[in-house]
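Have a look at the sequence and the fold, then read on.

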Amino acid sequence: MKHLRLAIDQLAPHLGDIKANIERHRAGIDWARREKADLIVFPELSLTGYLVRGMVNQIGLAPEAPEIEGIARHAGPMGVILGFIEKAPDGQYYNSAAYMQGGRLQGIQRKLILPNYGMFEERRFYAAGDKVVPIDTPWGRMGIMICFDALHPAVAYLHEQAGARILVTISASPARAIGPEGEMGGREVFRIAQRAHARLCGQIAVFVNRVGTEEGLIFWGGSEVLDPAASLLCELPEYDEARQVVEIDLESIERARYLFPHLKEGRTDLILQELWRTRMGAPLHAIKVPE
């Protein structure tokens, strides 16, 4: 396929109310279908809200849960990315993203890096994912990052090395680090990160952030889509619910990677060697990197 018709839905989930949130997702999918979208992306924890705390064991869902299967069936051939609390067979709970397409669940990416400072306490309630999961789609291989993952360059690099051409970040980023002139540090660091991912990895960069309020937290939205040259393809308003469809030229990925083959010229062997050496504290001549 040469084009992807992408829908992004910057919604405000109802905290802890899965039934209401499922209806909100169904409405978004219906809208995207009318707009002839190929794929719709919802924010982080869009099925549950963010500050669920001790409710995780009540609203966590197994991947085969009827709620997940019902949304996939409702979407039919359309692709869907949404955020939910995943209940694993071993009793652990994960902040996860589900990718659905063709009427069924196709893959799950668990959040890899859990913030646990200031207002954030995710390690109290979730286990951390331990691998990147490449998602093969009709539009090319896709990588999914969940909020804080996107602020760690190594995660985007791992997705690129796994073959991702499209990098989707779903987020529940609250307004914080607000300066004297009203500038928001949290927003700016995400915007810088998205542009770096797009430009340096030669990827379509999709960022979908939620809005609304929860127990004093205000989520700022500002979702956006960038092409591999880091040019803005669309941008949603801050603080308000909004939706938009954008037409993406997938051939722009190959053009960008031909003109700026940054990672093609990279030294993956050197990165592995130096990470191993610095973590193990061994002299360079003694290092044998595991295959």
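Glu160 sits in helix H4 (residues 153–161); helices here are DSSP runs of H or I with at least four residues, strands are DSSP runs of E with at least two, and both are numbered from the N terminus. This is a predicted model, where local features need pLDDT of at least 70 and side-chain atom pairs count only at pLDDT 80 or more, while totals for chains, interfaces and linings use all residues. Residues are numbered from 1 along each chain as its sequence is written, and side-chain values use heavy atoms, with hydrogens and water left out.

**Around Glu160**

- Glu160 counts as buried because its relative accessible area is 14%; buried means under 20%, exposed over 50%, and partly exposed in between (1.4 Å probe, protein chains only).
- Glu160 touches Cys201, Gln203, Arg257 and Leu263, leaving aside residues up to four places away in sequence; a contact means heavy atoms within 4.5 Å.
- Glu160 and Cys201 are 41 residues apart along the chain, yet their C-alpha atoms are separated by 6.5 Å.

**Helix H1**

- Which residues of H1 are buried? They are Ile18, Asn21, Ile22, Arg24, His25, Gly28, Ile29, Trp31 and Ala32.
- An α-helix has 3.6 residues a turn, so residues three or four places apart point the same way.
- The cover over the buried residues of H1 includes strand S1 (3–10), strand S2 (39–41), helix H2 (56–59), helix H3 (66–75), strand S3 (79–87) and strand S14 (242–249).
- Just after H1, Lys36 takes a positive phi of about 60°.

**Nonpolar cores**

- The largest nonpolar core has 40 residues, and Ile40, Leu82 and Tyr126 have the most contacts inside it; such a core is a set of buried Ala, Val, Leu, Ile, Met, Phe, Trp, Tyr and Cys residues joined through side-chain atoms within 4.5 Å.
- H1, H2, H3, S3, strand S4 (93–101) and strand S11 (217–220) each supply at least two residues of this core.
- H1 gives the most to this core, with five residues.
- Another core, of 37 residues, lies apart from it, and has Tyr99, Ile146, Phe190 and Val225 among its members.
- As for Leu82, the residues it touches include His25, Phe42, Pro43, Ile71, Met100 and Ile170, not counting residues up to four places away in sequence.

**Salt bridges**

- How many salt bridges does the structure hold? There are 23, with a salt bridge being a side-chain nitrogen of Lys or Arg within 4 Å of a carboxyl oxygen of Asp or Glu.
- Arg24 pairs with Asp9, with the closest N and O atoms 3.1 Å apart. This pair links distant parts of the chain, Arg24 in helix H1 and Asp9 in strand S1, 15 residues apart. Arg24 and Asp9 are both buried.
- Arg53 pairs with Glu121, the closest N and O atoms being 2.8 Å apart. Glu121 is partly exposed, with a relative accessible area of 24%.
- Glu86 pairs with Arg110, again with a closest N to O distance of 2.8 Å. Glu86 is in strand S3 and Arg110 in strand S5, 24 residues apart. Glu86 counts as buried at 4% relative accessibility, whereas Arg110 is partly exposed with a relative accessible area of 24%.
- Salt bridges that share partners join Arg187, Glu188, Arg191, Glu235 and Glu238 into one network.

**Positive phi in loops**

- Arg53 has a phi near 45°, a positive value in a residue other than glycine. Arg53 counts as partly exposed because its relative accessibility is 31%.
- Ala230 is not a glycine either, but has a positive phi of about 65°. Ala230 is in the loop between strand S12 (224–226) and strand S13 (232–235), and at 22% relative accessibility it counts as partly exposed.
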